[in-house]
Amino acid sequence: LAAAAHADEVQVAVAANFVEPVKEIGALFTKATGHQAVFSSGATGQLYTQITQDAPFEVFLAADQAMPKKAIDEGFAVAGTRFTYATGRLALFSKDPALVKGEAALKEGRFAKLAIANPATAPYGAAAVEAMKTLGVFDGLAGKLVQGNNIAQTYQFVETGNAELGFVALSQIVRHTEGSRWLVPDSLHAPIAQDAVLLKRGADSEAARAFLAFLKGPQGHAVVEKFGYDTGN
């Protein structure tokens with residue numbers, strides 16, 4: 001009986017930037033299918049480490065393409081199930097309505113702390129570093145950087161005032177009207193294509209396969225786009 005009940009639940013590892021959209025998708029998924037999605041969030045690299053250490057995840061929603069591919073290559077995910085569910089956008093954000101005026105805010109450097117996600121584990125952090133290097137401001141700003149473990153913590157640094165501004169995911173601020181922001185041009189960094197994959201632990205789970213199908217379906221796409229992502233199609 002316990003096994004039958006668990007079959008209707010899917011454990012999803014989700015990159016921190018996608019937490020709010022996936023909550024909405026999860027609610028719609030439950031309404032449409034009766035299955036329940038349970039989410040665990042973090043930086044993509046941290047989640048992958050947990051997957052390799054036998055965490056109970058059945059689906060992996062990463063913030064990049066490299067980790068889901070690696071999961072397949074190293075035998076933790078099911079070949080042929082990887083797809084791009086969203087392409088993210090990077091934004092420079094401040095609660096100060098006068099601080100962020102395009103790339104000039106970075107070049108002028110009139111702030112003490114600039115928050116970014118850890119570039120070693122969080123793809124949005126890597127994109128932020130790449131954008132600063134492309135603009136030629138990284139070396140000058142290196143001493144002002146404060147790192148969040150993931151993009152959710154990075155946003156909190158800005159929201160609480162521990163950093164005057166920070167590189168966040170557009171999805172985190174797409175429904176905000178306060179403060180100031182700059183949507184970082186895609187030309188300044190590699191695309192933040194985010195892939196999903198079915199993990200080996202979920203290979204025989206009807207709920208896991210149903211969740212991925214729902215994510216790439218019209219209701220899933222509508223939520224993805226509402227939060228400022230492209231759907232990868």
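## The largest pocket

By class, the largest pocket is lined by 8 nonpolar, 5 polar and 2 charged residues. Here Ala, Val, Leu, Ile, Met, Phe, Trp, Tyr, Cys and Pro count as nonpolar, Asp, Glu, Lys and Arg as charged, and the others, Gly among them, as polar. The model is predicted: local features need pLDDT of at least 70 and side-chain atom pairs pLDDT 80 or more, while totals for chains, interfaces and linings use all residues. Residues are numbered from 1 along each chain as its sequence is written, and side-chain values use heavy atoms, without hydrogens and water.

The volume of this largest pocket is about 240 Å³. Among its 15 lining residues, Asn 17, Glu 20, Tyr 155, Ser 171 and Gln 172 are the closest to its centre. On a 1 Å grid over the protein atoms alone, a pocket is an open set of points with protein on both sides within 12 Å along at least five of seven lines, a cavity is a set where a 1.4 Å probe fits but cannot get out, and lining residues have an atom within 4 Å of a point.

## A look at Glu 20

Glu 20 is found in helix 2. With 42% relative accessibility, Glu 20 is partly exposed; buried means under 20% relative accessible area, exposed over 50%, and partly exposed in between (1.4 Å probe, protein chains only). Glu 20 and Phe 227 lie 207 residues apart in sequence, yet their C-alpha atoms are 8.5 Å apart in space.

## The largest cavity

The largest cavity has a volume of about 50 Å³, the space filled by probe spheres set on grid points joined across faces, edges and corners. Its lining has 8 nonpolar, 3 polar and no charged residues. Asn 17 is one of these lining residues, which also include Thr 44, Tyr 124 and Ile 151.

## The sheet

Let's turn to the strands. An open sheet of 5 strands runs in the order 7-6-8-5-9, with mixed pairing. Strands (E, at least two residues) and helices (H or I, at least four) are DSSP runs numbered from the N terminus, and two strands pair if DSSP finds at least two bridges between them. Strand 7 (145–148) and strand 9 are the edges, each pairing on one side only.

Strand 5 (residues 90–94) pairs with strand 9 in the antiparallel sense over 4 bridges, and Ser 94 stands opposite Ser 180.
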